[in-house]
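Student: I would like to learn how to read salt bridges in a model. Can we work through one together?

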Amino acid sequence: MDIDTNPANYEPNSINDNWPRETPPAAKRGGFESLAERVDGEKIRQRSPSFGEYYAQPRLFWLSQTPIEQQHIIDGFSFELSKVVRTWIRERVVDHLAHIDTKLAEAVGANLGIELSDDQRNITLPAPVNGVEKDPSLSLYADAEGDVKGRVVAVLLNERTSAQDLVQLLQALQAQGVHSKLLYSRMGEVIADDGSPLPIAGTFAGSPSLTVDAVVVPGGDLSALSQSGDARYYLLEAYKHLKPILLAGDARQLTSVLQVPTQGEEGVIVTDALDTPAADKLLALMTAHRVWSRSPKIAAIPA
């Protein structure tokens, strides 16, 4: 069996003489060829001309996104294409984007050091799909009334976590179908302030904030947690990714890690106890999925 060592597994490509590609029909060892059978004319292997139009659906998707989602798409293309070694392949992808939306192509091109030509800026963009220019159902955030059911909240435990606070929080989350994940610096169990054991679901380092939708730090003995690099990084990474954060009791000292101003800011809840009002505030923030007002700050956060 031959092992294909070509770095491109698609066609057309400019890397290996456009291989692999479809083998043309031939009498011996040729590619597949449809039988030309007389029915009411000839039966042929041919796609409808509509299959040659590649850009109307992507344009509908792009125009249906909120500005925040559009920026995520720009950032995603820029990040992935920055890993492409061959300049001309990056240029070809940007050219495809120019057929979808000029703003999209210009933004991605600027991040890659590619300037659009006059021809690319004047491309005739595809018409709306069946008369529909945008559809909010294609957006995750066009509907502001989000559902928190099924989302996950990380709880960063400390040496003497308040059991009463923790029970109230977990009950409030469970009532809304939200899952909780108890994290600590090691696996096993940690003892709460009333002597009850709390089973640990994961560690700060092994269960990153990327896998949860919000973070809660209950009060207790914060001496070890406040000095834990893994815990501090966990909070900072969650903050950078616009996750809602709730700090209760002594955990309010961690606002210094996040550089939250003394007057506070949206998305960081500071409370004396993990009571029902605090849990309700957290759930309300989670309906929007992220704290979008924090976006201008994230470029300066080294996480």
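Tutor: Start with R121, which is partly exposed at a relative accessible area of 34%. Buried means under 20% relative accessible area, exposed means over 50%, and partly exposed lies in between (1.4 Å probe, protein chains only). This is a predicted model: local features need pLDDT of at least 70, side-chain atom pairs count only at pLDDT 80 or more, and totals for chains, interfaces and linings use all residues. Residues are numbered from 1 along each chain as its sequence is written, and side-chain values use heavy atoms, with hydrogens and water left out.

Student: Which side chain meets R121 in a salt bridge?

Tutor: First the general idea. Side chains of opposite charge can pair when their charged atoms come close. A salt bridge is a side-chain nitrogen of Lys or Arg within 4 Å of a carboxyl oxygen of Asp or Glu. Here the partner of R121 is E106, at 3.1 Å from N to O. E106 lies in helix α4 (residues 102-112) and R121 in helix α5 (residues 118-121), so the pair ties together parts 15 residues apart in sequence. Helices (H or I, at least four residues) and strands (E, at least two) are DSSP runs, numbered from the N terminus. E106 is also partly exposed, at 34% relative accessibility.

Student: How many salt bridges does the structure hold?

Tutor: It holds five. One of them joins R294 and E265, whose closest N and O atoms are 3.8 Å apart. This pair links distant parts of the chain, 29 residues apart. R294 sits in the segment after α9 (276-287), and E265 in the loop between α8 (255-258) and β8 (268-271).

Student: Is R294 buried or exposed?

Tutor: R294 is buried, with a relative accessible area of 1%. E265 counts as buried too, at 19%.

Student: What does UniProt list for residues 149-296?

Tutor: An unreviewed UniProt entry lists "domain: Large catalase C-terminal" there. UniProt positions use the numbering given here, feature names are shortened, and annotations may be inferred rather than shown by experiment. Over those residues the chain is 28% helix and 21% strand. The end C-alpha atoms are 28 Å apart.
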